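Let's take a friendly tour of a protein model, starting with a single residue and then moving out to the place where two chains meet.

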Protein chains: 2
Amino acid sequence: MEYPSKLIEDAVNEVSKLPGIGKKTALRLVLHLLKRDEEQTESLANALKAVRSQTKYCQKCHNLSDHDLCSICASRKRDESLICVVEDTRDVLAIENTAQYKGLYHVLGGIISPVEGVGPSDLQIESLLTRLRSPEGEQVKEIILAISPTMEGDTTAFYLQKKLRPFNLRISTIARGVPIGGDLEYADEVTLGRSILSRIAYD
Amino acid sequence: MEYPSKLIEDAVNEVSKLPGIGKKTALRLVLHLLKRDEEQTESLANALKAVRSQTKYCQKCHNLSDHDLCSICASRKRDESLICVVEDTRDVLAIENTAQYKGLYHVLGGIISPVEGVGPSDLQIESLLTRLRSPEGEQVKEIILAISPTMEGDTTAFYLQKKLRPFNLRISTIARGVPIGGDLEYADEVTLGRSILSRIAYD
């Protein structure tokens, strides 16, 4: 496509590097900014620069944070006997939104994926073990592996189980089964099969 | 939603002001930038600032441009007897991509929309008339109204026809009909009805 100006072409190219945004959407976004006040573009650009250059990672759980310790690790209201291991920050947000979990987290920063060249050493696995060996780690009673039930996720969970076995903790994973509100007939066979195998007795 | 940090919240709020981008997509985009090199965010932010602050409008046709005259108005290869009136720059790009039109353009910068408070004086209509009255205007033989066939578009086209009548030019509009490659049975009645009324005789 021929753009009306070099500046627009540059901006469209930069915006279309974002995931899920193609050239057409990028052009629509750039033309939108051109119609709005210059301050809106300024504050968008400044917010992006600030978040990229100033965001820190929690020294304990590696979640994104404004400070050295994230608000969850710094809180005194959380149950320090539970650590929930997740792939990334979005999973922390998703679990926090359920308001069902009051323990701590550990953010791996990815999952083991030989295809994408991500091995165990690229993830925050060693720091989880260090955390369990530290004085703080003595309070931990259970590790919950809340990792997506995909092939890579299962590989990561299997690797973690092996590494965590020596610590003599309870290791659990989030339940897999039919989603609440979902229709049985539309559930895939694997999920439905697992949900029968891991059936829950009424008390 | 509770964000892990104030910086992320600010960035998500700014990004989600863009059209078609909600909070969830904005968060995904911001977390994506955090995983990439800082230079990528820098060049994105700089390109957005540059395009907003330095983009000019062509003094003749009001298309977006790097210079005082856009590349189309400055070109000597265009047919100066034709002016195609469009709503915005994206329409110019769309028509240029067809490679079927070699005349000039006039970009209105919007369409008449009482609901959104856009009246004729907010658009580049007066400047089109000034353009036709100027010495350059004497070469113009036809005005093509290439405005979307919506209610607002039709209103704008009707207003323009009235204003253009005194100039004694040919005034035309782009053909409305069944899209090429489209199935007759799926065309809406209005379009199909119009395409029968404005049928074209085989030569």
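Is His106(B) buried or exposed? Keep in mind as you look that this is a predicted model. His106(B) has a relative accessible area of 0%. The cut-off for calling a residue buried is under 20%, so His106(B) counts as buried.

Where does this residue sit? You will find His106(B) in strand 4 of chain B, which covers residues 103–107. Leaving aside residues up to four places away in sequence, His106(B) touches a set of residues that includes Lys60(B), Cys61(B), His62(B), Ile83(B), Val85(B), Gln124(B) and Leu128(B). Arg131(B) is also among the residues that His106(B) touches, and the side chains of these two make a polar contact at 3.0 Å.

Now let's step back to the two chains. How are chain B and chain A related? A rotation of 179°, with 0.0 Å of shift along its axis, superposes chain B on chain A with an RMSD of 0.1 Å. The two copies are therefore related as by a two-fold rotation axis. In chain B, Ala45(B) has the C-alpha nearest this axis, at 2.2 Å. Both copies use the same surface, since 100% of the contact residues of chain B recur in chain A.

What does the meeting place look like in numbers?

| Item | Value |
|---|---|
| Residues of chain B in contact with chain A | 54 residues |
| Residues of chain A in contact with chain B | 54 residues |
| Area buried between chain B and chain A | about 5,100 Å² |
| Share of that area from carbon and sulfur atoms | 69% |
| Salt bridges between chain B and chain A | 2 salt bridges |
| Residue pairs in polar contact, both at pLDDT 80 or more | 12 residue pairs |

In chain B, the residues that lose the most area to chain A are Leu7(B), Leu34(B) and Arg52(B), which together make up 13% of what that side buries.

One salt bridge joins Glu42(A) to Lys49(B), with the closest N and O atoms 3.9 Å apart. The elements that give two or more residues to the chain B side include helix 1 (6–15), helix 2 (23–35) and helix 5 (89–98). Helix 3 of chain B gives the most to that side, with 16 residues. Sorted by class, the side of chain B that touches chain A has 25 nonpolar, 13 polar and 16 charged residues.

Key. Residues numbered from 1 in each chain as written. Chains lettered and ligands numbered in written order. Predicted model: local features only at pLDDT ≥ 70, side-chain atom pairs only at ≥ 80, totals over all residues. Heavy atoms only, no water. Contact = heavy atoms within 4.5 Å. Buried area = accessible area lost by both parts, 1.4 Å probe. Salt bridge = Lys/Arg side-chain N within 4 Å of Asp/Glu carboxyl O. Polar contact = N/O pair within 3.5 Å; in protein donor to acceptor, adjacent residues only side chain to side chain. Helix = DSSP H or I, 4+ residues; strand = E, 2+ residues; numbered from the N terminus. Nonpolar A, V, L, I, M, F, W, Y, C, P; charged D, E, K, R; others polar. Least-squares fit on C-alpha atoms with pLDDT ≥ 70 in both. Buried < 20%, exposed > 50% of the residue type's maximum accessible area, 1.4 Å probe, protein only.
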